[in-house]
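Please look over the model before reading on.

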Amino acid sequence: MDKPYNNKAWFLVIPVFLLVALSAIIPIMTVINYSFQDTFGNNQFFWAGTEWFQDVLHSDRFWNALGRNLVFSMIILSIEIPLGIAIALTMPKKGIWVPVCLVLMALPLLIPWNVVGTIWQIFGRADIGLLGHTIEQLGFEYNYASNVFDAWVTIILMDVWHWTSLVVLLCYAGLVSIPEAYYQAAKIDGASRWSVFRYIQLPKIRGVLIIAFLLRFMDSFMIYTEPFVLTGGGPGNSTTFMSIDLVKQAIGQFDLGPAAAMSLVYQLIVLTICYVFFTVMSNVGVDKPDARVED
Amino acid sequence: MNQTSHTQPNAGSMNKPANLIDTSNVRASNRFAKKSITRWLVPGLYILFLMLPIYWLINMSFKTNQEILSSFTLFPAEPTLHNYTVIFTDPSWYTGYINSLIYVGLNTVISICAALPAAYAFSRYRFLGDKHMFFWLLSNRMAPAAVFVLPFFQLYSAFGLIDTHIAVALAHCLFNVPLAVWILEGFMSGVPKEIDETAYIDGYSFPKFFVKIFMPLIASGIGVAAFFCFMFSWVELLIARTLTTTDAKPISAIMTRTVGASGVDWGVLAAAGVLTIIPGALVIYFVRNYIAKGFALGRV
């Protein structure tokens, strides 16, 4: 690091600090405040100690929502990351159609999340939707509103549709930055397609892959709007993820104490997992030579 | 109106077949492309998959409700603009778009203005607690919006800001400012430090150097950061919906109104959906040349 040490740089950071503190620290203090208190209305609060935390950690509802969320995140990560890499690898690096492709691929990312839910609602319904109608015509029973399996398939398909492009664009950006000389050297060395990927392309896109992985994990773990619009958490509770459960509790039932305690546990889980991922993934392969074929 | 009718042929024609035709010059320029057709096959199929639901939405927005519910047609039998007319003639519909654009614009300006100096500090200096500060900023990007909904409501109620554009713009700063700092820091680190030093030797003051020399150098980074702020503020619904009631209600929240006593007005719902895609498509078009690098947050 050749950056000079200068504490005056803090003056440049202060606006951001104040702005984010307003939106982050004050609300978090409110949440912490609620999580230790009980209320019977009339704005009267009583100290409740760790009662809410114990409630949350012993409730099946919380663990089920957490489990569903983890399963969902694992499934979409294991689909989107390899699929994204594969599509990025097959994309040509030059040509007049490349910008067109990139724009079309980025399009789902810019659709408001509840419209994404609406699009898939319209697309998946058996009576009016292309997907639902086609599946029914093929002779399968399909109804994402009443069948648990169908609901999960539809939500996963929706998420793959919505977010795989992010992985593609990130990997593609990493791939186009590899100098052509690397590939020529690999060709001279007679490297196979796999070793080109393993020793040239993968190390080069490692940085962006970490970003893709983190972003996809975080966003899938806090997913709210799309499944809420599509299934509303049903059928039953089968697609009630953590955020949906939390909003139900906080705004629907106005159970401030349990909701606040659940918020804190939820946020701690997200932070811990992200921190671990970030540390582990930025250290993996650091000591390995970046591109062996280069020599 | 013109824009909406343009998008319809696009969705149909820009799929796989269009991409397959023009592959000859790609092949010449890419020595590793063994078979041009198979090169485009996977991206082509993927784009087809992406476009199908959007095509269905556009298709439905030009149908009458009767046609939607009674028959299954791949193209509107009697194309109608009725659904769009409903939206453009009813103030409670189209003000939703104006509200959304106002708070998204405000948020983008605030985020970029605050993030620029901070990103410079992170990219050029070490200071007390810089690493912790950076992770704390990013951790807000990871915070589930659902956690913040209720406290935000109470916070902005206390200031009497509920149902104003600025409330939503400030609330969205929670995740957009850290993102902007992150992206800009990536782009700024790509600018050699010698440029700063030369400018100071030439007698530039810091503000003058920053605006006159440094900002033009990272113009593409600012564009990309603005694009991301626009994007994440535009697509967010939960916080925007909670902080507004009528005067600043975003379009995405108004869309839920189509569920009436007589069932869902699918045609209008689809038309409203199509209209929410257009601003995103326009913004994407402006940054199309930086899109790949931008999505890598300037870090390649």
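The report covers conventions, one chain, the interface and one residue.

## Conventions

The model is predicted: local features need pLDDT of at least 70, side-chain atom pairs count only at pLDDT 80 or more, and totals for chains, interfaces and linings use all residues. Residues are numbered from 1 along each chain as its sequence is written, chains are lettered from A and ligands numbered from 1 in written order, and side-chain values use heavy atoms, without hydrogens and water.

## Chain B

Chain B holds 17 helices and two strands. These are DSSP runs, numbered from the N terminus: helices are H or I of at least four residues, strands E of at least two. Of its 300 residues, 55% are buried (under 20% relative accessible area, 1.4 Å probe, protein chains only).

## Interface of chains A and B

In chain B, 101 residues are in contact with 104 residues of chain A (heavy atoms within 4.5 Å). The two chains bury about 9400 Å² between them, 79% of it on carbon and sulfur atoms. Buried area is the accessible area (1.4 Å probe) lost on being put together, summed over both parts. Helix α4 (residues 36-61) of chain B gives the largest share of the chain B side, 16 residues.

How many salt bridges link chain B and chain A? The count is zero (a side-chain nitrogen of Lys or Arg within 4 Å of a carboxyl oxygen of Asp or Glu).

## A:Asp150

A:Asp150 sits in helix α7 (residues 148-176) of chain A. A:Asp150 is buried and has no salt bridge. The nearest side chain of opposite charge, A:Arg125, is 13 Å away. Lys and Arg count as positive, Asp and Glu as negative; His and the chain ends are not counted. Leaving out residues up to four places away in sequence, A:Asp150 touches A:Glu141, A:Tyr142, A:Asn143 and A:Tyr144.

How values were computed
Buried < 20%, exposed > 50% of the residue type's maximum accessible area, 1.4 Å probe, protein only.
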